[in-house]
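I wanted to look up what surrounds the ligand and then list the pockets and cavities.

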Amino acid sequence: MSGPVLVTGAAGRIGTWLRGGLPERGWAVRCLDVVPVTDVRPGEEHLVADITDLAAMVDATEGASAVVHMAGISGESTWPAISHANIEGTYCVLEAARRSGVPRVVLASSNHATGYTPRPDGGLLREVDAPPRPDTYYGVAKVTMEALGSLYVDRYGLDVVCLRIGSAFPEPTSTRQLSTWLSPADTVSLVDAALKAPSPGFSVVWGVSNNTRRWWDLTAAQALGYEPADDAEVYAEALIEVHGEPDLGDPVHGRVGGEYTLPEFDAENFEKP
Ligand code: 15L
């Protein structure tokens, strides 16, 4: 495939992992962030732009073979902040891709699009059995992201893959994350699969590692070509020693969105003084 992959949020945590891993898988990377990337690597292109600046995004997407959209606010915040960065921003990314003729967009959705979904009695939860059920304004923006992706597939014929990312951190830091962790290496593998899958149309898949304790089904992600290699269980003993065995009756473990469904995640607590 010709043309680089435009990675938005390239200076962020996941963006940095992708800049490390995608070139090894054959992808040239064009980095975009609102702040400059400090550790520029050989072969990378660099752009500093705001994803809500449509004209700048049209320029940035010119000649790209795909966009991987990781930019935005990565947790709950105020409505004005979320609606601007995460909803307006996603619109600009998709609209710029369309105007520039970029055929594929990979979107960083989140488990929080479906956060109030309860853990099934048994078995694994499929994406199709977890329709929108946001737990925060952040989750609402991820629902909107998936809806915009769907529109751009049906109306304009783009391929759009939405990754409902779990907990993408260097390692799990809570007992919830023994289920929801997405390792750095598996993040690269998942994005690579989303970029390579032949004609995915509109696709929504969970983004988790092959964790022993996971309860989100990976069949759809694996059908795209995702081959998870990591399992959070190697951290279980140490985390359980500190935090105790997870109580599956606790909403933190009994709902997709975990802590985000608790009262303290009310956006009021995120208002700026
Ligand atoms: C997310 O979507 C957030 O970006 C991240 O900071 C974590 O809160 C993660 O979800 C999670 O559910 O652990």
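Where does the ligand sit? I looked this up before anything else, keeping in mind that the model is predicted. The ligand sits in the largest pocket.

Entry on the pocket. I noted a volume of about 780 Å³ for the largest pocket. Its lining is made up of 37 residues. Those that lie nearest the centre of the pocket are Arg13, Gly72, Ile73, Ser74 and Tyr138. I then listed the elements that give two or more residues to this lining: the helices α1 (13-21), α3 (79-100) and α4 (137-156), and the strands β2 (29-33), β5 (104-110) and β7 (167-168). By residue class, I recorded 16 nonpolar, 15 polar and six charged residues in the lining of the largest pocket.

Entry on the ligand shell. Which residues surround the ligand? I wrote down Ser74, Ser110, Asn111, His112, Tyr138, Gly166, Ser167, Phe169, Arg176 and Tyr260. Ser74 and Tyr138 are in this shell and are also among the residues nearest the centre of the largest pocket. The shell divides into six polar residues, three nonpolar and one charged.

A polar backbone atom of Ser74 is 2.6 Å from a ligand oxygen. For Ser167, an N or O atom in the side chain is 2.6 Å from an oxygen atom of the ligand. In His112, a polar side-chain atom lies 2.7 Å from a ligand oxygen. On its own the ligand has 320 Å² of accessible area, and the protein covers 86% of that.

Entry on cavities. How many cavities of 30 Å³ or more are there? I recorded one. The largest cavity has a volume of about 50 Å³. I listed its lining as Arg119, Thr175, Arg176, Ser179, Thr180, Trp215, Trp216, Val252, His253, Arg255 and Val256. The lining of the largest cavity has four nonpolar, four polar and three charged residues.

Methods: Residues numbered from 1 in each chain as written. Predicted model: local features only at pLDDT ≥ 70, side-chain atom pairs only at ≥ 80, totals over all residues. Heavy atoms only, no water. Near = heavy atom within 4 Å. Polar contact = N/O pair within 3.5 Å; in protein donor to acceptor, adjacent residues only side chain to side chain. Areas by Shrake-Rupley, 256 points an atom, 1.4 Å probe, with all protein chains shown as cover. 1 Å grid on protein atoms, 1.4 Å probe; cavity = no way out; pocket = protein on both sides within 12 Å on 5 of 7 lines; lining within 4 Å. Sits in = over half its atoms within 2 Å of the grid points. Nonpolar A, V, L, I, M, F, W, Y, C, P; charged D, E, K, R; others polar. Points joined across faces, edges and corners; volume = space filled by probe spheres on them. Helix = DSSP H or I, 4+ residues; strand = E, 2+ residues; numbered from the N terminus.
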